[in-house]
Amino acid sequence: MRPASGGDTTETVQMEPATETVTPLSHRSYGSRPVLELEDVSKTYPSVPPVHALIDVNLRVDEGELVGVLGPSGSGKTTLLHLMGTLDRPTSGSVRVTGLPIERLGDRHLSAVRATRIGFVFQQFFLAEHERVIDNVADGLLYAGVSQTSRRLRAMEALGRVGLAHRGSARPTELSGGERQRVGIARALVGRPAIVLADEPTGNLDQGTGQAILDLFAELNDEGATIVVITHDRSVAARLPRRVELLDGRIVFDGLVARPGVARPGVARPGTGEI
Ligand SMILES: Nc1ncnc2c1ncn2[C@@H]1O[C@H](COP(=O)(O)OP(=O)(O)OP(=O)(O)O)[C@@H](O)[C@H]1O
Ligand SMILES: [Mg+2]
């Protein structure tokens, strides 16, 4: 459930690694608008035997957050991303995207919500190899009712945001892995979504390139983008200000994490309830 706002009980506890400071989310003050709200969400796959992939998940992501969802293989991360991204529906519970209750929307309306409010970034990039970079990005607007000219203009703008404006006419095969993922991120951003959902976005990249992608997420977040990064890699999650940990389909930790000298956004100041 949504944690109570107010900040008179703010405290911090030390968790591993020792350089991290962690604030449990129950001590957090919510001030922004919710982009994503999951209430008592469960997902059971009707296989034999059935798999309870998510159990009683409560999660709220506000505008402007940068969140890491961390968990071992099989803990339910991709299932959670599919529910957050309206690619699947929960077995029980409620999912709201920008306030819209998913369970009350038909499939067509849901596709429209997905096309206009959610951007996806995948580990395998999923770029069309035969298409130029600019068209790969512009394709992110195919279902958003935007003219071809506008699609290309906006694609150039999105490529500029990821530092690839000069590679618009290249083919994906002419790019490095990190550049391909930048194109994937530009495609996710081009529809100006309310939220970007990234499933293991650095999983196919070497460590240095992966760090550069995380730097890019941090920059985009500074500019106002709301981003959820799914990962099994603790060093990736350590770069993100809020961490949600999944284990066996349940959230076992949800808190704000800051390393020394790094500001913690959204933490209530003791006694004030202010952010
Ligand atoms: N379509 C499906 N039918 C049946 N079971 C499924 C299905 N998809 C996932 N599962 C099961 O649900 C559980 C959660 O899977 P999920 O893919 O969400 O895990 P994950 O945390 O993303 O793992 P990984 O890190 O390996 O990608 C697993 O036990 C998996 O076997
Ligand atoms: Mg997965």
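Author: Two residues count as in contact if their C-beta atoms, placed from the backbone, lie within 7 Å. With that cut-off, in this predicted model, the cover over the buried residues of helix H4 includes helix H3 (133-138) and helix H5 (177-189). H4 itself runs over residues 148-161, which makes 14 residues. From its first C-alpha to its last H4 reaches 20 Å, close to the 20 Å expected at 1.5 Å a residue. The residues of H4 that are buried are Arg151, Arg154, Ala155, Ala158 and Leu159. Seen down the axis of H4, these buried residues fall within an arc of 145 degrees, so they line one face of the helix. After H4 comes Gly163, which has a positive phi, near 75 degrees.

Helix H6 can be set beside this. H6 covers residues 207-222, has 16 residues and reaches 22 Å between its first and last C-alpha, close to the 22 Å expected. Its buried residues are Gly210, Ile213, Leu214 and Phe217. Viewed down the axis of H6, they fall within an arc of 100 degrees, so they too line one face of their helix. Gly208, Asp215 and Asp222, on the other side of H6, are exposed. H5, already named as part of the cover of H4, is also among the elements against which the buried residues of H6 pack. The others are strand S5 (66-70), strand S10 (227-231) and helix H7 (234-237). H6 is followed by Gly224, with a positive phi near 115 degrees.

Note on methods. Residues are numbered from 1 along each chain as its sequence is written. Chains are lettered from A and ligands numbered from 1 in the order in which they are written. This is a predicted model: local features need pLDDT of at least 70, side-chain atom pairs count only at pLDDT 80 or more; totals for chains, interfaces and linings use all residues. Helices (H or I, at least four residues) and strands (E, at least two) are DSSP runs, numbered from the N terminus. The expected span of a helix is 1.5 Å times one less than its number of residues. A residue is buried if 20 or more other C-beta atoms lie within 10 Å of its own, exposed if 12 or fewer, and partly exposed in between; C-beta atoms are placed from the backbone. The arc is that of the directions from the helix axis to the C-beta atoms.
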